[in-house]
Amino acid sequence: IMVSSLDRHAIGGISQTIIDGSGAGSVVTFDSGEGANSVLAGLTIVGGYAEFGGGIQCSGASPITANCVITGNLAHVGAGLWLHHSEATIVNCTVSDNTSTVEGGGLYSEGSAAVVSSIFWNNQPQQIVADSTEVLSVTYSDVQGSWTGNENIDADPCFAGPGDYHLRSPQGRWEPTQSVWVQDQDNSPCIDAGNPNADPQVERSPNGDRINCGAYGGTAEASLSVSKTSNQ
């Protein structure tokens, strides 16, 4: 099963397609042994409230979550995502402004999950907590407070503004309220910082021949690179 609004060549799907839990429990639940053929993509997941996994609760399942914004969720443990006995893949997601009362504001993982090309920023009380007996792989990602992994960074992602998780760029970023491209004075370190093996050609020119981190990386809404290099 795929639940998706994602057309990588189109503008607007991620921020405009919202699943709001309205405080009634986990917004999305995987608990029936779902594997990599179950995909959640191109959505904004908000308003969850649960004991475990306010935004996404994943138990005994290993789905793929891609190009999602996960924000404004509450839980005791794993407000953004709670992965229990899971080999889930989280790719090009922005997990920000989620709050746990106990631990794992962004992500709590009890399993061998993989996080790639994602941003974990301003979650409380921690960005990521992993069970010490399991291996959580985090690569090509921006994690506040740092996390060990290939080419991870710990730097302010320079979001466009409150609730707008596009990355600021002097070359240009998409402004959803006005439906125009605008230029900023500062440049997000998450631009051209995603998985170097992912195809960057959907990102508009100039794209630096490398996708961005975060929910808009690898899509037509990706903020533009200051690099002159382009595949287009």
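This report walks through the sheet, the nonpolar cores and the salt bridges of a predicted model.

## The parallel sheet

Let's begin with the strands. Five of them form an open sheet in the order β3-β7-β11-β15-β18, and the pairing is parallel. At the edges stand β3 (28–30) and β18 (128–130); each has a single partner strand, so one side of each lacks a neighbour in the sheet. On average, neighbouring strands here are turned by 5 degrees against each other, direction ignored.

At one end of that order, β15 (residues 107–110) pairs with β18 in the parallel sense over three bridges. Leu107 stands opposite Ile128 in β18.

## Two nonpolar cores

The largest nonpolar core holds 25 residues, and Leu40, Ile45, Ile56, Leu81, Leu107 and Phe120 touch the most other members. Two or more residues come from each of β3, β7 (56–59) and β11 (81–84).

Leu40 is worth a look in the viewer: beyond its neighbours within four places in sequence, its contacts include Val3, Val28, Phe30, Ile45 and Ile56. Another core, of 13 residues, lies apart from the largest one, with Ile119, Phe159, Leu167 and Tyr216 among its members.

## Salt bridges

The whole structure contains four salt bridges. Arg173, Glu175 and Asp184 are linked in a network. Arg173 meets Asp184 at 2.8 Å, N to O, and Glu175 at 3.3 Å. Arg173 is buried at 8% relative accessibility, as are Glu175 at 11% and Asp184 at 15%.

Elsewhere, Arg210 and Glu151 form a salt bridge of 2.7 Å, N to O, linking parts of the chain 59 residues apart. Arg210 is buried, with a relative accessible area of 18%, whereas Glu151 is partly exposed at 43%.

Note on methods
Residues numbered from 1 in each chain as written. Predicted model: local features only at pLDDT ≥ 70, side-chain atom pairs only at ≥ 80, totals over all residues. Heavy atoms only, no water. Pairing = 2+ DSSP bridges. Helix = DSSP H or I, 4+ residues; strand = E, 2+ residues; numbered from the N terminus. Axes fitted to C-alpha atoms, helices over the stretch in contact; angles between N-to-C directions. Core = buried A, V, L, I, M, F, W, Y, C linked by side-chain atoms within 4.5 Å. Buried < 20%, exposed > 50% of the residue type's maximum accessible area, 1.4 Å probe, protein only. Contact = heavy atoms within 4.5 Å. Salt bridge = Lys/Arg side-chain N within 4 Å of Asp/Glu carboxyl O.
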